[in-house]
Amino acid sequence: MNPSAAKILFGGDYNPEQWPKEVWEQDYRLFDLAGIDTVTLGVFDWALTQPAEDVYDFSTLDAVVGKAVAEGRRICLATGTGAHPAWLAKAHPEVTRVDFDGRKHRFGQRHNSCPSSPVFRRLSAELARRIARRYAGTEAIVAWHVGNEYGGACYCELCAAGFRDWLRTKYADLDRLNDAWCATFWAHTFTDWDEIEPPSALTEHWRGPDHTAFQGITLDYLRFMSDAMLANFVDEKAAIRESDPDTPVTTNFMGMYRPIDYHRWAAHLDFASWDNYPPDDQSAARMAFTHDLMRGLKDGQPFWLMEQTPSFTACRDVNPLKRPGIMRLWSWQAVAHGADAVLFFQMRANRGASEKYHGAVIGHAGRSDTRVFTEVAELGAELTRLGSVSLGARTPARVAILFDWDSWWALDLSDGPSRLVRYQEVVLAYHRALWDLGVDVDVVPVYADLSRYDVVVAPALHMLKGSIATRLEDVARRGGSVLTTFLSGRVDADDNVFLMDVPGPLGELLGVRVDEWDAREASFVNPVQLADGVTVDSRLLFELVIPQGASVVGTYQADWYAGTPAVTRNAYGAGDAWYVGAGLDQAGVSWVVRQALDRHGVIGLYASSSSLSDVEVARRVAPDGRTILFVLNHSAVAVSLPAAVSGVDLLTGIRFTLGDPLRLAPSDVLVLRVDP
Ligand code: GLA
Ligand code: ZN
């Protein structure tokens, strides 16, 4: 193994401080066998590195880092602040959180620090500073890993004060705040900043975190909490930068994680990284979406798959085992969508505590002949063989999906029209349609540059911020297509409704007006007949769409509004804008998406074959201009498809010319370098 060769990084979290040094020797011999070139070290070492407030002890970290250096590995070095030590909580009770129900927590668990605590902020930054000072310049360090999976929320007095400061900065005066929060409703007009309380079970909330009397207050608290944790990350990054000006700094995100607005964070990370723990093994499309979302954080730059389990997780009630080939398939899926690193949690299984049954590359017995180890080693060999060809490659997407944390929060918090309409599910249904059609997709924030896209899909774009309405108009004006749905264009950045026809500032683009809507239980179906005569189901939400220039593409078939429009298309400039006013089933969503894409030539190579519905095709274009085509068989049966391009399978070296059969075993992968 040549650890300095440019290639996809391969390895993951390694916590050898839990076992004796003889085992470390065994670990590295196994890493050699598996092609492991990168280890993430020190993620939960705070208590070892700082055993008391005025004592720093680097002996463990020195040994762990020293061994990795001696063994020629690359290191992703953590600051270790994802869990604070017991002495800290005892000496400074302010560092523990107060939860949504108002309970002051005591020492325990992890990801448990109050983000507003001055003591936490000072000591976490100081730890990062000292670690960076000690190890900066270590050539093996390829990235700094700050904290771990930032998340949750705190409702303590320090956070309340921090919230008030954040509000003062945002609104400057109370009149503006009262107006933004629509405070005259229910006698909430604030006359002093100190009257403002964090929205919790003790204040504005009445049935958990999603049920609030004042959406504006809760939204601002979500934004504040996201910013407060971001400030913790920024503290540590600045401390690292004092001694290391260059090495990239990241923190591991969690994909579609609601509490943190990753778009607000993205500019502060040097590259994005995330931990992929899908809810089940039926979610290939959802994983593809999440990879695309994470890639979209940094304008399409490659990201790291920071964690995935090689086999099973431990925290769920039931923890299924990844079937043979699945770990490989999902690893390549990450690469197909933009990953330049494939890392695991974790390298060797924990000895004890809550993750002792979490999967690892090396099990407790340290064997090299387990199925899991063998598959990891095979993947390691493949990645070594691939070398540098895919590094830095970009996804050539001409279709974008807008994803917006504010709309997610606002819709999930909204009283009415329906708690059953979930932002994530709406977005995923529209993405699913694109995925089925083999379309390369960017998932981008609403402030992204939309000029490079032919089609922009904005599912449930509830909140319109900044210039998004006019920029969507621009897409259609120059010949592109915009597709949006029910509950779009309803509220401004304060979550107050536009005092105009629905869909607000999107009305002109969409050429429709909506005066009323109906919400029903999931068992209620109103069939929608589409323009080609096919009828699909719609559920949950039924907007009564009144065309104002748009043509009708689908009509309701039942109830008192039978025969009225549910789906429309409006010619706008040189392009068009599609509006889906009903909660169409997947078949309906897929039909509309296909219509909207039709004239743009963006549909994938194998989209027409329904027998290939579980075969995913994704493209990246390498810095040398060569296209790499990833073909991933997510089905449990072998498939054969005619090569749509000529090129070489980089994993086997086999050449293909146009029309040759490409054979994929169940869960198999082809990585084709397309001929120029
Ligand atoms: C998260 C954490 C890891 C570990 C894994 C287990 O991703 O970052 O420390 O707990 O989950 O799945
Ligand atoms: Zn707090």
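The following is a dialogue about a predicted model of a protein chain with a ligand.

Visitor: What makes the protein chain count as agreeing with a compact globule?

Guide: The radius of gyration decides it: for 676 residues a compact globule would have a value near 26 Å, and the protein chain has 26 Å, so the two agree. Along the principal axes, the C-alpha atoms fill a box of roughly 75 × 75 × 40 Å. The secondary structure comes to 17 helices and 27 strands.

Visitor: How much of the protein chain is buried, and how much of its accessible surface belongs to carbon and sulfur atoms?

Guide: Of the 676 residues, 60% count as buried. The accessible surface is about 25,400 Å², and carbon and sulfur atoms hold 53% of that. As for contacts between residues at least 6 apart in sequence, 72% of them join residues at least 24 apart.

Visitor: Which residues are around ligand 1?

Guide: They are Phe44, Arg110, Asn148, Glu149, Asn252, Asp275, Tyr277, Glu307, Phe345, Glu355 and His358. By class, this shell has three nonpolar, three polar and five charged residues.

Visitor: Why is asparagine 252 called buried?

Guide: Buried means under 20% relative accessible area. Asparagine 252 has 1%, so it is buried. This residue lies in strand S6, residues 252–253, and is one of the residues around ligand 1.

Visitor: Which side chains make polar contacts with the side chain of asparagine 252?

Guide: Among them is asparagine 148, joined to asparagine 252 by a polar contact of 2.8 Å. Aspartate 275 also makes such a contact through its side chain, at 2.9 Å. Leaving aside residues up to four places away in sequence, asparagine 252 touches His145, Gly147, Asn148, Glu149, Ser273, Asp275, Met306 and Glu307.

Visitor: What of alanine 187: why is it called buried or exposed?

Guide: Exposed means over 50% relative accessible area. Alanine 187 has 72%, so it counts as exposed. Its phi is positive, about 55°, although it is not a glycine. The residue is found in the loop between helix H7 (174–180) and helix H8 (215–241).

Visitor: Why is proline 85 called buried, and where does it lie?

Guide: Proline 85 has a relative accessible area of 2%; with the limit at under 20%, it is therefore buried. It lies in the loop between strand S3 (74–78) and helix H4 (86–91). Not counting residues up to four places away in sequence, proline 85 touches Trp46, Ala47, Gln50 and Phe107.

Visitor: How do you know that the peptide bond from phenylalanine 345 to glutamine 346 is cis?

Guide: Omega of that bond is near 0°. Glutamine 346 is found in the loop between strand S9 (339–345) and helix H12 (371–386), and Phe345 is among the residues around ligand 1. A cis peptide bond also joins glycine 416 and proline 417, with omega about 0°. Proline 417 lies in the loop between helix H13 (405–413) and helix H14 (423–436).

Visitor: Which polar contacts does threonine 652 make?

Guide: Its side chain is joined to that of aspartate 649 by a polar contact of 3.1 Å. A polar atom of the threonine 652 side chain also lies 3.2 Å from the backbone nitrogen of isoleucine 654. Threonine 652 lies in the loop between strand S24 (647–649) and strand S25 (655–656).

Conventions: Residues numbered from 1 in each chain as written. Chains lettered and ligands numbered in written order. Predicted model: local features only at pLDDT ≥ 70, side-chain atom pairs only at ≥ 80, totals over all residues. Heavy atoms only, no water. Near = heavy atom within 4 Å. Nonpolar A, V, L, I, M, F, W, Y, C, P; charged D, E, K, R; others polar. Helix = DSSP H or I, 4+ residues; strand = E, 2+ residues; numbered from the N terminus. Rg over C-alpha atoms; globule rule 2.2 N^0.38 Å. Buried < 20%, exposed > 50% of the residue type's maximum accessible area, 1.4 Å probe, protein only. Contact = heavy atoms within 4.5 Å. Areas by Shrake-Rupley, 256 points an atom, 1.4 Å probe, with all protein chains shown as cover. Polar contact = N/O pair within 3.5 Å; in protein donor to acceptor, adjacent residues only side chain to side chain.
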